[in-house]
Amino acid sequence: MTTLIRSLWTAATTHGEPPFDTAHLKVYYPAIAEGTDAERLTGVFPPAPGKFPVVVFISGVNVAQDSYRTLAVDIAKAGYVVVTFDRVAELFGGQVGLTPGVDLEAAKPGVYGTRPTCPAVPAILDALAGIDLLKDSIDLDRVALGGHSAGGTVALQSARFFPGIKAVFGYGTHTMVATMLGWPAGTVLPAQVDTPVFLAVGTRDGVILGSSDRYGQDGSADPVSRTFTEALPGDGHFLARLDGANHFAVADPVDPTAARAFLDLEPSREPAESRSDYLEVLTAFLAALLRDDPEPLERVRKNPPGSVELLER
């Protein structure tokens with residue numbers, strides 16, 4: 001038998017009005033190749049033995065889930081079932097695009113902190129639980145919720161409202177909030193988490209830089225660092241600064257026709273190298289929180305990957 005990573009598709013009905021109420025999920029899982037006729041004829045491989053923690057990865061706005069396939073496969077190789085999803089719905093101002101399903105009302109003063117800003121998550125987890133092939137292979141009591149850009153932001157704003165979440169992470173992510181929602185300039189919202197958090201950002205992130213005016217800030221603002229120091233309750237949190245990486249370092253490929261990659265700065269380090277360094281820290285963090293294995297994280301704390309400045313609090 002050979003162990004490999006396979007994926008399958010399913011769908012979930014989320015909030016919203018049809019046709020903008022459906023999320024299409026791609027689920028990556030450790031599998032075994034047994035050389036059976038069923039594998040040959042269907043392309044479906046049985047899961048590897050064991051019960052695997054779950055990683056839900058939320059895309060950035062207008063970034064298709066396939067941009068995270070390389071990262072998702074590598075996370076799955078570390079012993080996880082990884083879920084990504086696409087959901088087309090209204091964004092804001094009448095625009096339609098790819099969105100995790102942000103509830104903007106839930107991010108406004110007087111409402112924030114009373115409900116999740118990403119109400120699609122329970123439907124995603126329910127759909128995962130309903131996959132017959134994986135029913136004995138997933139552990140929904142050990143879930144990490146994270147994502148890229150706005151996907152990571154809604155994870156930070158929503159995680160404590162969902163059972164089973166044991167870790168939260170985000171790349172190019174922060175909780176500084178747009179003034180258009182009624183908040184004073186420069187407001188960093190408290191993360192709605194009750195678990196340790198791993199944040200990461202590249203030193204060549206042009207998208208966060210190019211979005212500063214949304215938050216009533218100039219280009220010198222550092223919303224990721226402020227989120228790390230001001231927004232996270234308790235301790236056990238980590239921030240990785242990746243030298244030479246840009247906002248889309250975790251995406252492969254980067255789609256130049258959508259989202260806001262045109263704002264990004266040119267990386268001064270190969271994106272594949274940055275992804276590898278990020279993955280090393282992320283999987284070490286996940287091992288400690290989801291697999292009760294602190295050794296990889298201890299190694300990373302003592303000897304971070306070459307491009308990583310690792311902070312903790």
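Me: Quick one to start with: is aspartate 292 buried or exposed?

Reply: Aspartate 292 is exposed, with a relative accessible area of 67% (exposed is over 50%, buried under 20% and partly exposed in between, using a 1.4 Å probe and protein chains only). This is a predicted model, in which local features need pLDDT of at least 70 and side-chain atom pairs count only at pLDDT 80 or more, while totals for chains, interfaces and linings use all residues. Residues are numbered from 1 along each chain as its sequence is written, and side-chain values use heavy atoms, with hydrogens and water left out.

Me: And where is aspartate 292 found, and what is its phi?

Reply: Aspartate 292 is in the loop between α7 and α8, the latter covering 295-302, and its phi is positive, near 55°, although the residue is not a glycine. Most residues other than glycine have a negative phi. Serine 149 is another non-glycine residue with a positive phi, of about 55°, and it sits in the loop between β6 (138-148) and α4 (150-158).

Me: Switching to peptide bonds, which residues does the cis bond with omega near 5° run between?

Reply: That cis bond goes from proline 18 to proline 19, and proline 19 belongs to the loop between β1 (2-13) and β2 (22-33). A cis bond also joins aspartate 252 to proline 253, with omega about 5°; proline 253 is placed in the loop between β9 (238-246) and α7 (271-290). For background, most peptide bonds are trans.

Me: Let me step back: how many helices and strands are there in the chain?

Reply: The protein chain has eight helices and ten strands, where helices are DSSP runs of H or I with at least four residues and strands are runs of E with at least two, numbered from the N terminus. The radius of gyration is 19 Å, close to the 20 Å that the globule rule gives for 313 residues, so the chain is as compact as a globular protein of that length. That radius is taken over C-alpha atoms, and the rule is 2.2 Å times the number of residues to the power 0.38. Along its principal axes, the C-alpha trace spans about 60 × 50 × 40 Å.

Me: What share of the residues counts as buried?

Reply: Of the 313 residues, 53% count as buried. Looking at contacts, meaning heavy atoms within 4.5 Å, residues 24 or more positions apart account for 70% of those with a separation of 6 or more.

Me: How many residues of β4 are buried?

Reply: Strand β4, residues 81-90, is mostly covered, with eight of its ten residues buried.

Me: Which strand runs antiparallel to β4 over six bridges?

Reply: That strand is β2, which is joined to β4 by six bridges, and tyrosine 28 has valine 82 of β4 as its bridge partner; two strands count as paired if DSSP finds at least two bridges between them. Strand β3 (residues 52-58) pairs with β4 in the parallel sense over three bridges, with valine 56 opposite valine 83 of β4.

Me: What about β5, in which sense does it pair with β4?

Reply: Strand β5, residues 96-98, pairs with β4 in the antiparallel sense over three bridges, and valine 88 has leucine 98 of β5 as its bridge partner. The hairpin of β4 and β5 has five residues between the strands, and there glycine 93 takes a positive phi near 65°.
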